[in-house]
Every structure is written in C-alpha cells, then in structure tokens.
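The sequence and the model are shown first.

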Amino acid sequence: MPKLPSSLLSSSSISLSSPFPTNPIRYLTTSDGKTHFSPSPSSSAAELPNLRSTVHEYGGTPCQLTQGDLCVGQSYNTGITYETEPGKWSDGIAGKYGDFNQSGPDVVCIRERVVDGNVVNDIVRISGEGFSDCEVICEGVDFYSYPSSLEGLTAWVEWDHPNMPWDDTRVVMLDEATGKKDVLETEGSSGQIRIREKEVWYVSDSGGEYYNLRGFVNGEKKVVEVQDEDFSVGGFGWSGGVRSWGFLDGGLAAVKSKNVKTGLTSILILNLETSEVVKRLSSEVTLCDSISSLTTRGNDIIYTGGSYSSPEGVYVISDGWETARQEVRSLPEDNEILKDYAPSFTAPKHIETSNGVHAYLYHPGTENPPLLMKCHGGPTSSTSLTFRLDIQYWLTRGYAVVDVDYSGSSGYGKTYRERLKGAWGVRDRDDCFDVVEYLVGEGLVDEDKVAIDGGSAGGYTTLCCLTFQPKSIFKAGCSKYGISDLTSLYESTHKFESRYMDGLIGKYPDDEKIYFERCPLKYVEKLSCPVLLLQGAEDKVVTPDQSEMMFDSLKAKGVKTSLVMYAGEQHGFRKKENIKHALDAEEDFFAEVFGLESGGEAGLKMGERLER
C-alpha cells in the first residue's frame, strides 16, 4: 500500500463550498487560507478578494448573489466587496459582516462591531450605489442568524445568552411596511430561513427529536416531517449561511436528509402541502455518500458532495431527478490522487457500542494495527466522512483510525446531542474509553499502541482522556489548539462562546469547583504519557496560552512533550506548509513513542518548543 505523502495533502487542500444557482454555476473555493468566488474568467487569483467573514468568529458563507448574478460579500478584515462584472471587484462600505442573503438589488446580513468595549450584533441592509449605505433592520438581541428578506417581508433567527443556537432560539418575522413583528418559534433550534410568496419556511427541531421543515403559511404554522429523518445532517449554528434545502417548482422542496437508523444521507423531494416524500434520491442518484451544501434553481438541485474515495465536487440533478452529473471537481490533482492512491483507500464502518456511542472505524485490514482515535471539535458538531485524506494518510502507514461522534454530537437527534449537557469533559471522555475498549475487545487493534488526537474542543477531550484515564488506555496524544484550562478559557474566549460552558459544565463562578475538577492543566500529576501540542499563534478562540501552559507544566513534570507554534495561524491551520508540517510532526511523534518508522521531517525535539 503506497504511503500518502503529507505534501500531497497540503498541496491538495482546496475545498469547494456554497454553490450558487448561476449559469454557469459559480461556487467558493478555499486554498492556502484564501476563499475566492469561482470561476472568475477575467481575473487571476491574486486580483480576487479573499472572501471571509469572522462574524461570531466562525463566520460562514461570506457572500451572496445580487441582481445580475453578481457577487457581494465580506472581504477579509476590510468590509463589503462586490462585483461590477464577473471577475471585476470594487469596495463598498467598511466593517465586519456575514450571513448574507439577497434582497432585491440589496443584501441583508449580520453586522458585528465593538461599541463601548462590547461586541454588538445587528441585522442590516446594505444598499445604494457601490453598496455604501447601511440601514439597521433590527437590534438589541445578543445574536442573529439566517436573515432573509423578500418584497417587504423579513425574517431571521435570534437568541440571547446563555443559549447557543442549538439550544433555544426564536424565529421572528417582520412586515417592514407596518413594522408588525410575529414570533414564529420560541423554543428549540431553528435556522435556514427561506421566503417565497409571503410564506416563511425554516428548519427546526422545536418540540421534536429531529430537525424538520416548518412554514408560516396564511397565518398558520405548518410542519413537514419524515419519520426517522433528520434535516439538519449534522446540525448547524457554528457558522452562518449553511444551506441544506431549497424550494422547487410546483410546491415542492429538496432537502438533504440523514436517516438516523442507517446513517445514510439522501436528498428528499417533499410536497410542502401534503408532507409526502415525492422521491428519495439515494447515493446511486446523487453519486455522493455525503452532501455538504444544497441550493435549487427551478427544478434543478445543485449541491456539493463526495465520498470516502472521491473528493467534494459540484453536482446537478435536473428536472426529473433521475441521475446527477458532476459539474466541477474540487482538486486539480484529482485524477492523479484517484489513480495512484484511491484503490487502497479504506471505507468507514459505522459502529455503535453497547452504551450507544457512535463512531466510524477505518481499518487497514492488517492484524493488530496501532490505533489513532480522532475527536471532532465543537463539541456540538460531528465528524465528516467525505474524502478524509487526513485519515487515509494514517491508513497508508498501517494505522487503524476511529473517528468518534461522542455524546453531544449533532446528527443523532436532540436526546443524543443533549447527553453532554453538564457533562463535558466526562461523558465525551468516557465515550472515547468505551470505543477503545470495544475495538480491543473485538481484537481489532493493538491495545499497546493506542493514540488520540483532536482539535479545539476535540483537543480538550484528548487532554481529558490522557489525564483522567483510569488505566493506561491511551499511550500518546496530540492536542491541536485544544483547551487545557477551562477557567482561563471562560475569561478569555469571544462573545459567541462566552456562555457556552454554562450548559456544558455549569455557571461560572458558581460552579468553579466543577471547572477545576475537569481541568487537565490542574491535574498534570495524573498525566504520564507523551503529549504533542500544535497551536496557531493568532488564535482568538482558544488562545495560545492554553497550549503554552500545558507544555510548561508537562515539561516541568518530565513528561515527554513538544510544542509547535505556527505564526500567522488562527483557529485551525490554513497555510499549506503548516498543514504539511503538522501531519509530519504528529507522525514523527507517535512513531517515536511506538517504535515505528517515520520520515522524521518535522524537526521535533522532545521537551522543546518549535516556532514555525
């Protein structure tokens, strides 16, 4: 089995997202930390604006179409930028905006600014010649998302601290002519608002276990749901502009959906009047095992998707919905990757332990391989199964990899998501132990060579597993921009997540004792296995001191450890050279611990801090 080189992963780190229903289809491409509106026929990449929103820190879709199928959006760290013709850009009003939606010739969006030292969000309309005018539509609430406006009717989602967008939100509808407001939902999680013909439609789990479609039609609320189907497909709320459904002609809608019993993703054609499933488009039709973003045009369904052996592309299913055609491939190197490596790629196998923990196992097919467990961030998020070169990288080196959707993960219903309430740092940790014990009990992996890694909240889970394990389950770990000190995080994190831990752990400082008890940094004496720490120097979500404090404490105790600090990186690594180095560093680190061969290219030295 040929080894997948880290240089190929970093050079191929081009992603597609957010297809737009233009002719020809346009979409966003992200490479080397920059996002562009593509294709751009008359401009080089150097001339294009970097479209990136940092509203709520996590941003989301940074642009939207306006009249003439031209683009308007947020230019990173400057303000509004817009196309005067395809590929030709000009600057509009300065500021920080995100979650854009078209409103005739204008756009509505979320604005974020600092007022008297406090971060303030509101919904505004950007209009006028050169998109230079800004009109406030609504203000006074802690957070907003999914603003939508059509012919004088505007709707949005809002919520206040201490809620997060997957807890309790409100859906509000405003008649701009009369100023009359109606609150359509007051509990549950809602989003992805669409308006047509004075009808407001959205996705919500209010009053139920799974996300379904809801509409406010002729003054009455309508619910469109399908048994055992979750229309969130992994949840939403971290970033604005997530799209998983759209209107079709004839009173129909196309919705990407996950069957909670089989785990399979499909596209459902729904009759909004009768709630009937007109047609189910399985992977045989969509040509994808997973779908990340979906929009519509007439009766055409346009989406991005892929599989474990096929990178994300842009696909279209035309009227009749018989079969998809691929419009765009995400990577220029696709053919070479697939030709040389894809035949050896391993498909994930869904497993569920006796305690109801979900995970996906990638096994190299060898006897007793070392195991790497991966923990996703969030923690209210979920793993992705689409073309995970970062997982296949380890498979081609003889590792088995298990990707855990621990309690609290999205995509398995509200009950599973809420299992982590008040239990972060305990339930997720115990779920990881449970999955390892399941795999060892089945004789699938070498119990003496088990490692764990995770980023952000997954880094916290990683450190908790290494610190509080009842026996030597994990022999090494890698925390990528992970949390080591909960109280420090509570005091330093940004507005969006500043009350997140109220629900995950408890209210601070009332529950300070619980924070202390779940803090890996406070219990370093319990930790004895090697730990690698990877951190972005400009991270505002999990600040660099989280990794620095852990490194200093581990080094003082004599635990084998290394810290790599990446200059210019924020929350997650975007630069090609740093993506490559982080992979090389992790492989070298685990290889040294387990006595395995590696390339040794990262230049790590135990007990030392490396600046990159």
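The conversation below turns from the basis of the model to a helix, the backbone and the salt bridges.

Visitor: What kind of model is this, and how are its residues numbered?
Guide: This is a predicted model, in which local features need pLDDT of at least 70, side-chain atom pairs count only at pLDDT 80 or more, and totals for chains, interfaces and linings use all residues. Side-chain values use heavy atoms, with hydrogens and water left out, and residues are numbered from 1 along each chain as its sequence is written.

Visitor: How far apart are the end C-alpha atoms of helix H12?
Guide: Helices (H or I, at least four residues) and strands (E, at least two) are DSSP runs, numbered from the N terminus. The expected span of a helix is 1.5 Å times one less than its number of residues. Helix H12, residues 576-594, has 19 residues and should therefore span 27 Å; in agreement with this, its end C-alpha atoms are apart by 27 Å.

Visitor: How many of the 19 residues of H12 are buried?
Guide: A residue is buried under 20% relative accessible area, exposed over 50%, and partly exposed in between (1.4 Å probe, protein chains only). H12 is largely enclosed by the rest of the structure, because the number of its residues that are buried is 14.

Visitor: Which residue just after H12 takes a positive phi?
Guide: Most residues other than glycine have a negative phi. Just after H12, a positive phi of about 70° is taken by Gly 595.

Visitor: Is His 56, with its positive phi, buried or exposed?
Guide: His 56 is not a glycine, yet its phi is positive, about 60°. The residue is found in the loop between S3 and S4. With a relative accessible area of 9%, His 56 is buried.

Visitor: What is the relative accessibility of Gln 192?
Guide: Gln 192 is found in strand S16, residues 190-196. Although not a glycine, Gln 192 has a positive phi of about 55°. Gln 192 counts as buried, because its relative accessibility is 0%.

Visitor: Which residue does a cis peptide bond join to Ser 38?
Guide: Most peptide bonds are trans. Here the bond is cis, with omega about -15°, and the residue joined to Ser 38 is Pro 39.

Visitor: Where does Pro 509 lie?
Guide: The peptide bond from Tyr 508 to Pro 509 is cis, with omega near 10°. Pro 509 lies in the loop between helix H9 (500-504) and helix H10 (512-517).

Visitor: How many salt bridges are there?
Guide: Side chains of opposite charge can pair when their charged atoms come close. A salt bridge is a side-chain nitrogen of Lys or Arg within 4 Å of a carboxyl oxygen of Asp or Glu. By this rule the count is 31.

Visitor: How many residues apart in sequence are the parts tied together by Lys 374 and Asp 453?
Guide: The side chains of Lys 374 and Asp 453 meet in a salt bridge (2.9 Å, N to O). Lys 374 lies in strand S31 (residues 371-375) and Asp 453 in strand S33 (residues 450-455), so the separation in sequence of the parts they tie together is 79 residues.

Visitor: About how many helical turns separate Arg 427 and Asp 431?
Guide: Arg 427 forms a salt bridge with Asp 431, the closest N and O atoms being 3.8 Å apart. Because they are four residues apart in helix H6 (residues 427-441), their separation is about one helical turn.
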